[in-house]
Amino acid sequence: MKFGVVVFPGSNCDDDMIHVLGSVLGAEVEKLWHKDTQFEGYTPEDCIVLPGGFSYGDYLRAGAIARYSPIMQAVISFANQGGKVIGICNGFQILCESGLLPGALVRNEHHKFISKNVCLRVETTDSLVTSGYQKGQIIKMPIAHAEGRYVTNEGGLAVLQKNDQVLFRYSTPEGALFSENGSTDNIAGICNKERNVFGMMPHPERASEAILGNTDGLALFQSLYKGELQAT
Amino acid sequence: MQETEQAVDFEVAAKLGLTRDEFDKICSIMGRTPNFTEVSIFSVMWSEHCSYKNSIKYLKTLPRDGGRLLVAAGEENAGLMDIGDGEACAFKIESHNHPSALEPYQGAATGVGGIHRDIFTMGARPIAALNSLRFGDPNHPHMRHLIKGVVSGIGDYGNCLGVPTVGGEVYFDPSYQQNILVNAMSVGVVKIGETISACADGPGNPVFIVGSATGRDGIHGATFASADLTEDSAEDLPAVQVGDPFQEKLLLEASLEIIKTGAVVGMQDMGAAGITCSTSEMSAKSGTGMTINLDLVPTRQINMHAWEILLSESQERMLVVVKKGREKEIQAIFDKWDLECSEIGEVTDTGRIEFYQHGELVADVPANPLVLGGGAPVYDREFVRPKYMDDIKSINAPAVDDEALISIAKKIITSPNIASKKWVYEQYDHTVRTGNTNTIDPSDATIVRLKDSEKSLAVTVDCNSAYVHADPYKGTLIAVSEAARNIRCSGGFPLGVTNCLNFGNPYNPEVYYQFVNAIKGMGEACRKYNTPVTGGNVSFYNQSVIKDRTEPVFPTPTIGMVGLVEKKEHGTTLSFKSDGDHILLIGPSPTNIDGSLYVREILGHRLTPCPEFDLEVEYSLHETITTLITKALIAGAHDISEGGLFVSLMESAMAGNKGFDVSLPAHVSKNMYLFSESQSRLVISVRNEKLTAVEAILAEQALPFVRLGFVGGSSSCIDGIDFGAISNWAARYQNALSAILEQE
């Protein structure tokens, strides 16, 4: 299995992601360039990563321009064929803008950029990115975003809940749900109905090494890399 | 020459900020009266901001070589230190005070953009940003507007660029009420041998302008930065530039990529005085000249005058000299990053900068006389000991009962100068690039790990300007020492210093006294610590004219320091770690409360002396803490600075979410001992089994120390007095500043 990390103009978490996937996890990983219309040699076993950053400056609405970049057509068809795609932060925004994930990410409730370590409650273990955790487990990860408030309407939320698509919710260290940025139902990360496309605002790649004082994000990459749901 | 250009006489030159002598000197250099474009060029290049004319004489007394310095101060855009294994660290701090006072968001944002460009035009990738911010009273609505603007400006720019803001300081003092200070620092890493110089070697080589188009923004910014801020300064708004961090991100990636081709001769960012400064400095450095066709410069507006194009400080632009014949390689990379890149001229051997527009030579000036170290003026101003220094008096700590003691402690922990700055730093991305190791457990300096290496950098900015105001010499010795102490407590040793010298009007002899003595203190401390001053910037004219009264800011020689942590395991944090750990205070016992926040803010005496300080004792403390850390003998270390021992204990307790029980030495005044800011002191925590070894080393070093007590529980107790739960203190500490800034 290999990883392809898409570099958009303004991506700034691409190197961090490659470091974790390559040096920490030991996986095969390469950069993909936004101007390419296709990427070759990838099977549905492999995974495309849309990293964090400010694609095209995000001066309009986060991810709104990146979804039109040449490589996104290839990412969409890869996902439609069952290929794995994960978007972190700006990558999550791009996945919502491109319709690969439902809902939208809008400006934080308090209109300020928020950069801090937050607690997340693992809401399901039935996904390739959460099967390494326990359901209800509280993990810590940094967030760093101005447009991270996940919104969806009532119907949309019901679908997410019915299909067990909510991966993470913001919580207190004790596990009570907590409104970090005003997200609908405190949602921090979701997957699609088919469970091959994943998006989240928190940064697991910033929480995967002991030197950083936090390895809570590593299990996410490990289970994704193994590519199978583990018994929990 | 253009018809619209006005005739030049001294009156015109004076309006551009030049003196009679300077104008005469220009005429003599030129051998004729310069035209308007030419005199404009001289006016910006000889402005304080570009020429350092009132400071260079003293700056040259600072240690500018030695240690691990690879590039001497002033030689390149930023200083460069050897960090081993074939790598070097480039770092620099710069002010953006005047723009931020008028337009806080853009002023601060472009300050961040400018300092990062200085780093990456050398070929280094910025890995950390820091800043030092000084504001007036945060309870004042206009000040809150400035604070919010500055913080979001710094945040939005750095966050988009993807360089983490890992450290800094925020101070509040009435002296900054009309003239806030915004100092931004960038730290980058580069392989030795892959740096690029700001030079223009090789006549015949093409000259490119890269990045944003040139507009009318920021014209005369350098001149504006070199004058007093007045009530009319808002009319100078066009002198404030507008930033585009996305453009900067593209420039950063493209710049590092073109350097790898080997086709680049030299590169310089366009900061103050735009095209004028970059063309003349690069030419002067190489002893060459340039011809530049201004018609080829992409502009944002039509019909821009030559002088407007030359003086524009539009952001996110760079001048690049390329090896002739290899232009296509460079252009391909800029195309890849969708950046505009135009060949606008070539290097010559004339030593002159010749600017053409519409087929005519619009300015023809010699490069060397324009620049610092060339023909730019150098002045020595008179100085006199400020009168207010006569009124500085020491006072004794008043006798207080236990209840009053707790009440004072609460006031201190909630002072905006002590309370948590999380309202500020939570708007800065401090985790991107996964280098910052202190986002969960802080250290006195921030430890930034280097990937695929055993090493980390420890970075800090420090200056207690109240100390410097009380005694410019001793106060600056302390500023440098505190920075070095912070790096030592974090497990590193100091490598070098970059300084940002924020002072009032240099023509005021009392201000100049502060400047001269601050430099003297800085030089002495830097020589002691073997930390050369690699560069930085001087910002004079930080004061406000209110009616007839001139109020200079507190003299603020901000010290940016970079240190090296040689092994990851040396990294040391300030938190209390485990119940039962011993708490020790190392360093001389305090005897007074001079200079403390307690005297200034609680007792209300503004004119209090600088705290006690001895450079030799300080240095011995540094060596000792390094020994203790490298022998893996201590659990945590935190220096004692603003707010004294009490704040130091409480910060360690809050960071570790641990309580403490300590006893002060017998017969000391409790409030003096708890709140004194007497220097050269640290609090360390030590596991029981390592106590003997620690005390043996302290005894050997002849450093005074006392066992204060133990880490444990969830509450704080001092001399048997119950100070209450740590969680309550944390709530006070965390919320105090947010509550002030979020009020309507």
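I began with C96(A), which is buried at a relative accessible area of 10%, where buried means under 20%, exposed over 50% and partly exposed in between, with a 1.4 Å probe and protein chains only. I note that this is a predicted model, in which local features need pLDDT of at least 70 and side-chain atom pairs count only at pLDDT 80 or more, while totals for chains, interfaces and linings use all residues. Side-chain values use heavy atoms, with hydrogens and water left out, residues are numbered from 1 along each chain as its sequence is written, and chains are lettered from A and ligands numbered from 1 in the order in which they are written.

I then turned to an open sheet of 6 strands in chain B, with mixed pairing and the order β1-β2-β3-β6-β4-β5; strands here are DSSP runs of E of at least two residues, helices are runs of H or I of at least four, both numbered from the N terminus, and two strands pair if DSSP finds at least two bridges between them. At the edges I found β1 (69-71) and β5 of chain B, each with a single partner strand, so one side of each is left without a neighbour in the sheet.

I looked next at strand β4 (residues 125-135) of chain B, where 11 of the 11 residues are buried, so the strand is largely enclosed by the rest of the structure. It runs antiparallel to β6 (residues 181-191) of chain B, joined by 9 bridges, and L133(B) stands opposite V182(B) there. With β5 (residues 165-172) of chain B it runs parallel over 7 bridges, and S132(B) has E169(B) as its bridge partner. From β4(B) the chain passes through helix α8 (residues 141-161) of chain B to β5(B) in a right-handed β-α-β crossover, meaning that, with the strands pointing away from the viewer, the path from the first strand over the helix to the second runs clockwise.

Last, I read off the domains of chain B, whose bounds come from an automatic or database domain assignment: domain 1 (1-64 + 197-378), domain 2 (80-195 + 429-572) and domain 3 (574-744). I noted 50 Å between the C-alpha centres of domain 1 and domain 3 of chain B.
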